[in-house]
Amino acid sequence: FFHSSDVLAEMKTFCGRANPTTGALDWVEESEEYDYHQEIARSCYADMLHDHDRNEKYYQGIRAAVSRIKARGERVVVLDIGTGTGLLSMMAATAGADFCYAVEVFKPMAEAAQCIVKKNNFSDKIKIINKHSSDVTVGPDGDMQEKANLLITELFDTELIGEGALPSYEHAHQNLVTAGCEAVPHRATVYAQLVESELLWSWAQLQPAEVEGARLVPPPAIGRCAGAHSVCDVQLSQVSPSSFTPLSPLCAMFSVDFSKPVSSAFQSHSTSFVARAGGRAQVVLSWWDLDMDPSGAIVCSMAPSWTYPQPAKAPWRDHWMQSVYFLPAERQVAEREELSLTVCHDDYSLWYSLQPHSLQDAQAETPPPRPCCTCQAHLVWTRPRFGELNDRRRTGSYVAALRSVLSEDSVCLSVSDGSLLPVFAHMLGAKKVFSLENSRMSKQVIEEVLEANSKKGGVELLEIRPEQLTSQDLRGEQISVLMGEPYFSTSLLPWHSLFFWYCRTALAGLLRPTATILPCSASLHVVAVEFQDLWRIRAPCGICEGFDVTPMDEMVQRSLDFRESREAEPHPLWEYPCRALTHPTEVMTFDFTQCVPQEPISSQGLLPFIRTGRCHGVALWMDCHLTDDVTVSGGLTQPISEQGDCEWSRHRKQGVYFLRSAWDSLGDGRTGVSYSFTFEPSLGDVKMDFSITGH
């Protein structure tokens, strides 16, 4: 038998990967290990192991459950589904369990668990089973010799049931555990609160926009649409309570008792309440907690920090966040009105609806169907994108920039996905406006926006790739204004928006010699930061609750090292507070008035530390210079405070480059982060390297 990675090392495949920056389909030779390493490198196992609150509560619950079974004079046989590193099985063995069957479907993780169990001397007590729990067999020749009487699981996600916890529990109770078994956690309860929030609602619905005194209204179909079904998971601790108004108390919606048979069938649960305030019911904030024991004395809660008397003491976790659900339509409610909130769930997801208390019984007979998007807009625009399109200040910047470059004989071409820019240009009086759309769906959504504003035909929408556009498609017109936000749905990292530059280069032959390019340039910026919590997702664990989990750290490190150069990864930094330890610095400029150059662009320099703190890495973002006077930032929205606090754009993800090990800064300017960047035009990639340098 070969070790799996030995086999993988021999196998190379050609993969067609769409390059988000150049737009080209790159045929690259990738070893089969590429995706496997990406999955491990970007996994959140470290974050879970660093979650001391979770680990401690599980350990307390496991000790109590083992004691209860022992008190009945029974042997303790554990089934641990989704064991990951084997941590919970090792806790059970330490607490006195006689034997543990630990099930893990992800092969690399099962191999790591095997190493960890061996390293901690539990190989005689713990058997790792590399299968999906529904494939596990019981019997003399089976994976398990006997059924378990203690069921331990960690199968939850932000929505509680999104990782298939219910079908797994259902199967385990039918096939793998004894009747009357103990379970850790014993119970989960889902909580919800109805709120009005202009901020959160702007992620679900297009709002009217002002364009030089004229009003752009959203298509009625968007307003009537229940929206995308997928959960919106967010670090709700970073949404200030001042940005929403609670209309209901916090309601316990339903509980699941994991020690009894569990059903994954459709269910609905309603809770009646009296409205605490009048307002527009728009959004449901939701989270859950786990009772680790039947008495409810050991609770692990996902509640956001602002529900705590001392918010700073709230545990931080990224593997379980909070959920935001958007009601199918907003509804005016009066203070003291009697209302009923209903949650429905199938085997993987939840959805909410609101009705007057008097209609609760009718609702129970015909529960609301799972929402799905009927207007296409929620399939074209992500929730951060809705927020971006609804940002009035940002819209004002684009309108001001367009106003300064447009004249009545302007022929405009817009290159961005599902953008309102061409609509603005038409409203501002351009002679002719064309727009390149990346999909039939985005074309349809922009057509509906035009129609809703009696501007049908005001923009000619072309579903053509930039390099295939001809003078004929433009009816012989030459472009005088080439514009973009730029926004592309394929962008993951900030510099992927340089796709606009490649489009501009491909379109060069269709531009007038005097054509205006908007934005005229973009710049890449960096700042070295100390993260309040995000560092945990990449920090090695070493010893976790007394168990040595270094094989897991080594596996993650091998995957991070798999690419010769470490890479930046995308994160929405408004959800992850950090402090700047250096000045923000512009490190590269890309001049869109010229075509993409043949030669690489490079830049080196030093970011001296000006504040004390622990440097975990570097944050990166792009600014777009629409004109010489108007800039829109995809990063910092305010100057950095005296203390180093940063406020980040909620619309775009920033890049984060984690240093291999954190560095303590004295803030005296004598040490800093040295950087080197190279933009490779042929690859469309920005290569970067950072290191700590002392004077």
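This is a predicted model: local features need pLDDT of at least 70, side-chain atom pairs count only at pLDDT 80 or more; totals for chains, interfaces and linings use all residues.
Next come the helix pairs. Helix α4 (residues 52-71) packs against helix α5 (residues 87-95), with an angle of about 40 degrees and 9 Å between the axes. An angle under 35 degrees would count as roughly parallel, and 65 to 115 as roughly perpendicular; α4 and α5 are therefore oblique to each other. The crossing of α4 and α5 is right-handed. On the α4 side, the contact is made by R54, N55, Y58, Y59, I62, R63 and V66, while α5 brings L87, L88, M91, A92, T94 and A95. Sorted by class, that makes nine nonpolar residues, two polar ones and two charged ones in the contact of α4 with α5.

The other pair is made up of helix α2 (residues 33-41) and helix α17 (residues 550-560), whose axes are 8 Å apart and meet at an angle of about 125 degrees. Angles count as roughly antiparallel only over 145 degrees, so α2 and α17 are oblique to each other as well. Here the crossing is left-handed. From α2, the residues in contact are H37, I40 and A41; from α17, they are M555, V556, R558, S559 and L560. Five of the residues in the contact of α2 with α17 are nonpolar, two are polar and one is charged.

Finally, there is a sheet to look at. Three strands form an open sheet in the order β31-β35-β36, and the pairing is antiparallel. At the edges stand β31 (601-608) and β36 (685-694); each has a single partner strand, so one side of each has no neighbour in the sheet. From one strand to the next, the twist averages 15 degrees. Strand β35 (residues 671-680) is joined to β31 by eight bridges, with the two strands running antiparallel. In general, the strands of a sheet pair through backbone hydrogen bonds, in either a parallel or an antiparallel way.

Technical notes
Residues are numbered from 1 along each chain as its sequence is written. Side-chain values use heavy atoms; hydrogens and water are left out. Axes are lines fitted to C-alpha atoms, for helices over the stretch in contact, and angles run from 0 to 180 degrees between N-to-C directions. Helices (H or I, at least four residues) and strands (E, at least two) are DSSP runs, numbered from the N terminus. A crossing is left-handed if the near helix is turned anticlockwise from the far one by less than a right angle, and right-handed if clockwise. Contact means heavy atoms within 4.5 Å. Ala, Val, Leu, Ile, Met, Phe, Trp, Tyr, Cys and Pro count as nonpolar, Asp, Glu, Lys and Arg as charged, and the others, Gly among them, as polar. Two strands pair if DSSP finds at least two bridges between them.
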